[in-house]
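I'd like to walk you through one model, so let me put it up on the screen.

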Amino acid sequence: FFVIGHDCAHKSFSRNKLVEDIVGTLAFLPLIYPYEPWRYKHDRHHAKTNMLVEDTAWQPIDPGEFDSSPVLRKAIIYGYGPFRPWMSIAHWLICHFDLKKFRPNEVNRVKISLACVFAFMAIGWPLIIYKTGIMGWIKFWLMPWLGYHFWMSTFTMVHHTAPHIPFKSSEEWNAAQAQLNGTVHCDYPSWIEVLCHDINVHIPHHISPRIPSYNLRTAHQSLQENWGKYMNEATWNWRLMKTILTVCHVYHKEQNYIAFDELAPEESQPISFLKKVMPDYA
């Protein structure tokens with residue numbers, strides 16, 4: 001559902017914009033994603049990839065924010081540590097339901113999307129509970145929804161987080177460099193790539209978001225042949241995940257990232273725990 005809605009949002013699903021808006025809205029409803037707010041925020045991510053503050057996807061933590069409050073610092077350590085594979089839930093909640101976050105010319109379309117989502121919740125959830133009970137709602141909606149967010153968070157952070165890839169201020173930022181050299185292609189086990197409809201093929205999607213999901217592999221092969229030396233490619237392994245979860249935390253201009261346990265070792269028990277329990281082999 002997400003891949004279909006994602007293609008609709010990028011205008012790569014149909015030549016008819018109304019069809020795309022309707023299909024995209026319907027595809028996102030079971031995920032409780034309001035289509036238009038997501039589309040606006042996601043378009044901004046593509047326009048400002050790896051730009052400090054402006055990028056709406058994964059960002060290094062701002063040092064001032066990290067030091068602003070002990071309670072917030074603890075929440076950030078947990079959120080960017082052990083709970084990071086579900087942090088898209090916080091992004092979903094914070095970024096998509098507040099009308100103040102959108103331009104005046106966007107608000108009407110945002111309201112329509114919000115109305116659709118709330119209607120789905122008001123009708124769909126009671127029907128599920130009526131037919132299957134509360135446990136049925138947990139099994140048939142909540143658990144799949146949490147599973148979706150696990151994949152959403154994991155794919156996105158692997159696409160946009162690596163110790164050697166810098167985030168830059170708007171004055172230093174270069175669009176071509178950010179889209180080609182600032183994103184990561186990661187090869188996963190084949191069964192994951194089949195189930196996720198090649199959403200791991202990410203670099204061509206940033207070069208041209210209008211490429212539909214079913215053409216991403218062909219586009220990636222072309223990029224490899226012509227621009228391969230500029231591309232970041234990885235194979236999924238535990239060391240990759242361990243590095244992202246335990247090293248790539250707070251923004252630093254020269255080093256790109258500083259780990260939480262370097263800045264606040266006495267409060268970084270979740271990171272120390274991950275370092276002990278996560279495998280370290282590639």
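Predicted model: local features only at pLDDT ≥ 70, side-chain atom pairs only at ≥ 80, totals over all residues.

Let's start with a spot to look at: where is the place of Leu-142? Leu-142 sits in helix 7. Residues are numbered from 1 along each chain as its sequence is written, and side-chain values use heavy atoms, with hydrogens and water left out.

At 21% relative accessibility, Leu-142 counts as partly exposed. My cut-offs there: buried is under 20% relative accessible area, exposed is over 50%, and partly exposed is in between, using a 1.4 Å probe and protein chains only. Leu-142 and Leu-31 are 111 residues apart along the chain, and their C-alpha atoms are separated by 9.7 Å.

Ile-112 is also found in helix 7, and with a relative accessible area of 56% Ile-112 is exposed. From Ile-112 to Thr-161 you go 49 residues in sequence and 33 Å in space, C-alpha to C-alpha.

Val-184 and Asn-232 are 48 residues apart in sequence, with 5.0 Å in space between their C-alpha atoms. Val-184 is buried, at a relative accessible area of 7%. What is Val-184 in contact with, leaving aside its neighbours within four places in sequence? The list is Val-158, His-159, Ile-165, His-202, Ile-203, Asn-232 and Ala-234. Contact here means heavy atoms within 4.5 Å.

Okay, zooming out to the whole chain. With 282 residues, a compact globule would have a radius of gyration near 19 Å, and the protein chain has 19 Å, so that agrees. That radius is taken over C-alpha atoms, and the globule rule is 2.2 Å times the number of residues to the power 0.38. Along its principal axes, the C-alpha trace spans about 50 × 45 × 40 Å. Buried residues make up 47% of the 282 residues. If you take contacts between residues at least 6 apart in sequence, 67% of them join residues at least 24 apart. And the chain exposes about 14,700 Å², with carbon and sulfur atoms supplying 64% of it; those areas come from Shrake-Rupley with a 1.4 Å probe.

Next topic, salt bridges. Side chains of opposite charge can pair when their charged atoms come close. I call it a salt bridge when a side-chain nitrogen of Lys or Arg is within 4 Å of a carboxyl oxygen of Asp or Glu. How many salt bridges does a search of the whole structure find? That search gives 14.

Take Arg-73 and Glu-267: their closest N and O atoms are 3.0 Å apart. This pair links distant parts of the chain, 194 residues apart, with Arg-73 in helix 5 (residues 70-79) and Glu-267 in the loop between helix 13 (260-263) and helix 14 (269-277). Both Arg-73 and Glu-267 are buried.

Arg-103 and Glu-106 also meet in a salt bridge, 2.9 Å from N to O. Here Arg-103 counts as exposed, at 54% relative accessibility, while Glu-106 counts as buried, at 8%.

Then there's Glu-172 with Lys-253, closest N and O atoms 2.9 Å apart. Glu-172 lies in the loop between helix 7 (107-160) and helix 8 (175-181), and Lys-253 in the loop between strand 3 (250-252) and strand 4, so the pair ties together parts 81 residues apart in sequence. Glu-172 is partly exposed at 42%, and Lys-253 is partly exposed at 49%. Salt bridges that share partners also join Lys-11, Lys-17, Asp-21, Glu-36, Arg-39, Asp-43 and Arg-109 into one network.

Last bit, backbone. Most residues other than glycine have a negative phi. Lys-11, from that network, has a positive phi near 60 degrees, and lies in the loop between helix 1 (2-9) and helix 2 (17-28). Asn-256 has a positive phi too, about 80 degrees. Asn-256 is in strand 4, residues 256-258, and at 13% relative accessibility Asn-256 counts as buried.

That's my tour, thanks.

Note on methods: Helix = DSSP H or I, 4+ residues; strand = E, 2+ residues; numbered from the N terminus.
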